[in-house]
Amino acid sequence: MSAHVAVTAEAGNVVLVRLARPDKKNALTGAMYDAVREALAEADRSGAGAVVLTGSDGVFTAGNDLADFLAVSEGGSGGARPAQRFIRQLAGTQTPLVAAVDGLAIGVGTTLTLHCDLVFATARTTFRMPFVDLGLVPEAGSSHLLPRRVGHLKAAELLLLGDPYDGADAVRLGLANALLAPEDLLPRALAEAARLAGKPRDALTATRRLLRGDRAALTAAIDAEFAAFDMALTSPEAKAAIQAFLERGRGSKKGRPPSGEQHHQADGCEGRRDETGETRSEAHRSNS
Ligand code: COA
């Protein structure tokens, strides 16, 4: 279990999974992936009616912890990584999934929503898939799912250029069901999840399976992405891009650049970290 993932039972046989690592914008460590994966597996085992995935404090997640990526890039093995086990579980989860997305939803924060049956967002939600800018490739089946949702050209725009899009764009593109005020987001997601949970279970599960279509094709895409991702992660361009994020601002107090200097994009994948190495150590542990 991870201290940064809270799993709670909600009314109507709904399970709420909340990401809460505020000091790192809910960036996902190996331990957090494991905790969410376990919550999804347990929902299937226990016959939960639906799972709601959400963030906290106006942040969904800044995506995979980039220190973890660097650790793998510097020699960790790829096959058994917690992120990959999480993605396989996500794609195979039988329990209906609902995403309540407020604020940053970067990388896997965006791609995981492609596996959800209902997605709710706010006007201040920023979706972004900056894989190429990081020297990486898409994951979580997004190279397969996204073109089917939005068409090849739009998918290429979102995955190749990596431009951000907000909650209203997501609704317009068919990537979110509704745009809600932040205070209405979770109540609505929980209410819709409870509605799903109240439906005849077998019919709901079968309909979900039909809607999700060819599972073999999705699995093949996920496998191909893992292979390309592992290769990309050890490339010099990925190492350089990730290092640039992690080292940005070094030399000033708490790793921050001189005041007034623009040090990152508010919607992007640029940034910096301090030199404590705290998360880095966790990354080494959780990816081993
Ligand atoms: N991995 C590890 N740490 C991350 C992180 C990530 N993906 N995203 C944010 N953080 C950390 C920052 O390093 C910073 O830590 P510090 O205070 O110890 O230095 C802290 O979270 C707050 O981030 P900050 O950049 O100050 O917040 P912001 O609101 O100004 O910007 C982002 C938020 C998400 C735009 C920016 O942090 C960012 O670009 N992050 C990387 C996103 C990314 O590329 N994810 C991987 C996708 S594949």
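Threonine 54 stands opposite alanine 100 in strand 5, and that pairing is a handy way into this predicted model. Strand 3, residues 50-54, runs parallel to strand 5 and is joined to it by 4 bridges.

**The nonpolar core**
- The largest nonpolar core holds 78 residues, and Val52, Val98 and Phe120 have the most contacts inside it.
- Which residues does phenylalanine 120 contact, leaving aside its neighbours within four places in sequence? Among them are Ala99, Ala100 and Val101, along with Ala176, Asn177, Ala178, Leu180, Leu185, Arg188 and Ala189.

**Helix 1 against helix 3**
- Two packed helices are described by the angle between their axes and the distance between the axes.
- Helix 1 (residues 30-46) packs on helix 3 (residues 82-92) at an angle of about 20°, and their axes are 8 Å apart.
- Angles under 35 degrees count as roughly parallel, so helix 1 and helix 3 are roughly parallel to each other.
- Their crossing is left-handed.
- On the helix 1 side, the residues that meet helix 3 are Gly30, Tyr33, Asp34, Val36, Arg37, Leu40 and Ala41.
- Helix 3 brings Pro82, Ala83, Arg85, Phe86, Gln89 and Leu90 to this meeting.

- In helix 5 (residues 142-150), the buried residues are Ser142, His144, Leu145 and Leu146.
- What covers these buried residues includes helix 4 (108-111), helix 6 (152-161) and helix 10 (215-233).

**Lysine 199**
- Look for lysine 199 in the loop between helix 8 (182-197) and helix 9 (201-212).
- Is lysine 199 buried or partly exposed? It has 14 other C-beta atoms within 10 Å, so lysine 199 is partly exposed.
- Lysine 199 and glycine 49 are 150 residues apart in sequence, yet 8.7 Å apart in space, C-alpha to C-alpha.

Technical notes
Residues are numbered from 1 along each chain as its sequence is written. This is a predicted model: local features need pLDDT of at least 70, side-chain atom pairs count only at pLDDT 80 or more; totals for chains, interfaces and linings use all residues. A nonpolar core is a set of buried Ala, Val, Leu, Ile, Met, Phe, Trp, Tyr and Cys residues joined through C-beta atoms within 7 Å. A residue is buried if 20 or more other C-beta atoms lie within 10 Å of its own, exposed if 12 or fewer, and partly exposed in between; C-beta atoms are placed from the backbone. Two residues are in contact if their C-beta atoms, placed from the backbone, lie within 7 Å. Two strands pair if DSSP finds at least two bridges between them. Helices (H or I, at least four residues) and strands (E, at least two) are DSSP runs, numbered from the N terminus. Axes are lines fitted to C-alpha atoms, for helices over the stretch in contact, and angles run from 0 to 180 degrees between N-to-C directions. Angles under 35 degrees count as roughly parallel, over 145 as roughly antiparallel, 65 to 115 as roughly perpendicular and the rest as oblique. A crossing is left-handed if the near helix is turned anticlockwise from the far one by less than a right angle, and right-handed if clockwise.
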